[in-house]
Amino acid sequence: MHSLLRHLHGNDDHVHADTAPQTTGTLIHWAKRYDFIVQFMAFGQARRLRRKSIDAAQIKPGERILDVGCGTGDLTLLAKERAGSTGQVYGIDAATEMIDVARGKAARAKAEVDFRVSVIEQLPFPAESFDVVLSSLMMHHLPDDLKPKALAEVRRVIKPGGRLLLVDFKGQIEKQGVMALVKEAGFAQVEMRSLWFNTLGVIRAA
Ligand SMILES: C[S@@+](CC[C@H](N)C(=O)[O-])C[C@H]1O[C@@H](n2cnc3c(N)ncnc32)[C@H](O)[C@@H]1O
């Protein structure tokens with residue numbers, strides 16, 4: 001009975017719940033077309049863009065990684081390549097359709113990545129679980145009043161000495177004051193550089 005309750009309440013690190021709590025974030029349900037649209041917007045260079053993003057995270061073999069708002073999982077799967085067989089990699093997204101596509105890719109690649117339907121503002125992980133949290137093109141999907149809560153959750157699950165790698169449209173980062181919000185969430189070192197012809201900003205925070 002105890003294990004059944006733990007299962008239902010999602011305390012177990014390995015539980016897969018396929019419905020997410022309600023969120024005011026903007027979800028993407030057109031998961032099957034998502035990669036095509038990204039490829040189009042990146043002028044056919046999506047793979048290269050992903051590699052540049054993951055390079056910035058400087059992932060080492062054996063690290064524990066969480067990708068929040070992972071979408072169809074391309075960056076998450078690259079993180080797994082970098083973290084290697086001893087690394088543990090998780091991806092969460094609030095859209096079931098996105099997680100379905102991501103799980104399909106992981107199965108085809110025989111990559112052990114734990115993809116879950118979940119929301120950033122209520123992460124199903126204990127405190128200090130991850131060396132690295134990745135957030136790619138997702139911050140602008142959260143309304144302003146949700147961003148501080150989401151970043152506080154990210155801070156909570158990062159181990160002491162761990163880091164956040166946040167990629168988003170540079171204009172949105174500046175307009176929405178994301179650097180200041182990251183600092184307010186408790187990160188001491190926060191720096192941003194430009195990526196992809198100055199259209200993207202990459203925030204590294206520790
Ligand atoms: C533009 S996509 C980015 C996907 C992926 N990270 C990438 O780089 O392509 C933003 C994602 O955030 C998800 N999302 C929106 N609000 C969310 C929330 N509160 N918690 C988790 N995911 C959320 C959406 O469903 C969508 O898949």
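How many nonpolar, polar and charged residues make up the shell around the ligand?

1. This is a predicted model, in which local features need pLDDT of at least 70 and side-chain atom pairs count only at pLDDT 80 or more, while totals for chains, interfaces and linings use all residues. Residues are numbered from 1 along each chain as its sequence is written.

2. The shell around the ligand holds 14 nonpolar, seven polar and two charged residues (Ala, Val, Leu, Ile, Met, Phe, Trp, Tyr, Cys and Pro count as nonpolar, Asp, Glu, Lys and Arg as charged, and the others, Gly among them, as polar). Of these 23 residues, G25, G69, G71, A95 and S136 come nearest, a residue being near if its C-beta atom, placed from the backbone, lies within 6 Å of the molecule.

3. Seven strands form an open sheet with mixed pairing in the order β3-β2-β1-β4-β5-β7-β6 (strands are DSSP runs of E, at least two residues, and helices of H or I, at least four; two strands pair if DSSP finds at least two bridges between them). Because β3 (113-117) and β6 (190-195) each have a single partner strand, one side of each is left without a neighbour in the sheet.

4. Strands β5 (residues 158-169) and β7 (residues 200-205) pair in the antiparallel sense over six bridges, and R204 in β7 is the bridge partner of L165.

5. In helix α4 (residues 74-83), eight of the ten residues are buried, that is, with 20 or more other C-beta atoms, placed from the backbone, within 10 Å of their own. Just after α4, G84 takes a positive phi of about 70°.

Key. Buried ≥ 20, exposed ≤ 12 C-beta atoms within 10 Å, placed from the backbone.
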